[in-house]
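Subject: Structure handover

Hi,

Here is the structure I promised to pass on. Please open it first, then read the notes below.

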Amino acid sequence: MKSKSLSERNGNGHSHAETLTENPSYEPVKTTFEQSYMQQNASAQLSETEVEDVEGATILRPGEGDKVVSNQQGSASFESEAVLEETGFESPLLESVPMDALYASYSELIPRLEAAATEVIIGTDNRVRVTATTTYPWRAICALKITAQDNSKWIGTGWLVAPRTVMTAGHCVFMHDHGGWAKSIEVIPGLNDASRPFGSCTSSNVRSVTGWTVNKNRDFDYGAIILPANCRPGDRTGYFGFGVKDDAYLMASVLNLSGYPGDKGGNQQWFMALKPKSLTSRVITYDIDTMGGQSGAPVWIKVGEVRTCVGIHTNGHLSGNSATRIVTPVFNNIQLWKNQGL
Amino acid sequence: MAGYFILSKEKHMQTSSSIKGIIQNKAGRPVADAIVMIKEGSHEFNDIASVSNEKGEFFVSGIVIPGRYVLQIQQDSNTVTKEINIQSADTIIRVNI
């Protein structure tokens, strides 16, 4: 596990998020997307300035990294209103049982949870197993069983943002060294050992952006899975909200991360929370412990009962694990993909 | 300016690639359905895990080469860690479990 010593941690169990307020008067901005943009067209739109040749990479113009690409044929223009925050949906189904299960699982943590008003686990035991995977928000987190084009098998994590849309890392849907677009991905919401409380769905309908598929740029490592029309787990599980938060807000917030790590077998959900360590314009870095299999996991903040995903976990490193940050272009694409999975 | 080009060139000499590996048991038979992931690395790496196939083959994807990494292999209750120093994308990692 990419664990850090306790003295290195910057979380303290207290959230300042409550002191910051949302801005409901935010004026929506009209944004147009070229959904029909195809990956192979990217090379024809090189920068006009001279650039170093880098084998295997195509340089995109600034702002092109978030152009949507898909493994599906067809084209369509798209216009949407961009807002800074999209609310989640907490399905009322199954709500009564889960709280008992949650308290059974987290009994020693409840006072701290209540005090911090967030899903915080801070202490020497860094990750905590989530057994109450039939409760929200845990049930909106999905184990991914990925088959690449070359038939290699992988495990990752995703999270529902709509009845049929699962967000994840770009490298879970497009694998540069294994044939590109994933051949198929089985999505299992709330997987808990052998228990699949919401069944599973398999899809080969995936999305990402050129910044990842063409440039392999870590800043653009995000993607989505659109589930088949007859498979709508989000109706039962609910789904996450997502939003764009500024640096000050993020640095003052506790980040929650939960996913399906391979060192636990890939069939159990494990959770941890801490404040961020650092930010860039596109990446959130933290000392939350993760392991292979948690790529694509949601990184969210919780204020009251409002949960807002602010990042998509993608990378590990001794100096800090990290997520692709949800900034406005990422937000717009998630919203686009959400609309495709309603 | 010259410094920029030197740094840029050094950075470009590092390549991100996928490495193949093979897991065998003590009898020399391939081990399927083992989960292989990176535990630590000299470079940032993707937090995805590979699952070995019936030939015991797995992959470590999206790693910077050259680089040093510690792999963790999970197979049921068995856990094995292996440090690897990858100099070439042609390297094949062999793991006994």
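pLDDT is the predictor's confidence in each residue, on a scale from 0 to 100. You will need it here, as this is a predicted model.

Confidence first. Chain B has an average pLDDT of 87. In that chain, 85% of the residues score at least 70. The lowest confidence in chain B falls in α1(B), with a mean of 42. The highest is in β4(B), at 98. For the model as a whole, ipTM is 0.88 and pTM is 0.79.

Next, chain A. It has 342 residues, and 52% of them are buried. Its secondary structure consists of seven helices and 22 strands. Take the contacts in chain A with a separation of 6 or more: 74% of them link residues 24 or more positions apart.

Now the contact between the chains. Chain A puts in 31 residues and chain B 25. On the chain B side, the elements giving two or more residues include α1 (2–13), β1 (15–24) and β2 (35–41). β2(B) gives the most, with six residues. By class, this side of chain B has 13 polar, eight nonpolar and four charged residues.

Strands also pair across the two chains. Strand β7 of chain A (residues 153–160) runs antiparallel to β4(B), and three bridges join them. Look for A:I155, which stands opposite B:A49 in β4(B).

Best wishes

Note on methods: Residues are numbered from 1 along each chain as its sequence is written. Chains are lettered from A and ligands numbered from 1 in the order in which they are written. This is a predicted model: local features need pLDDT of at least 70, side-chain atom pairs count only at pLDDT 80 or more; totals for chains, interfaces and linings use all residues. Helices (H or I, at least four residues) and strands (E, at least two) are DSSP runs, numbered from the N terminus. A residue is buried if 20 or more other C-beta atoms lie within 10 Å of its own, exposed if 12 or fewer, and partly exposed in between; C-beta atoms are placed from the backbone. Two residues are in contact if their C-beta atoms, placed from the backbone, lie within 7 Å. Ala, Val, Leu, Ile, Met, Phe, Trp, Tyr, Cys and Pro count as nonpolar, Asp, Glu, Lys and Arg as charged, and the others, Gly among them, as polar. Two strands pair if DSSP finds at least two bridges between them.
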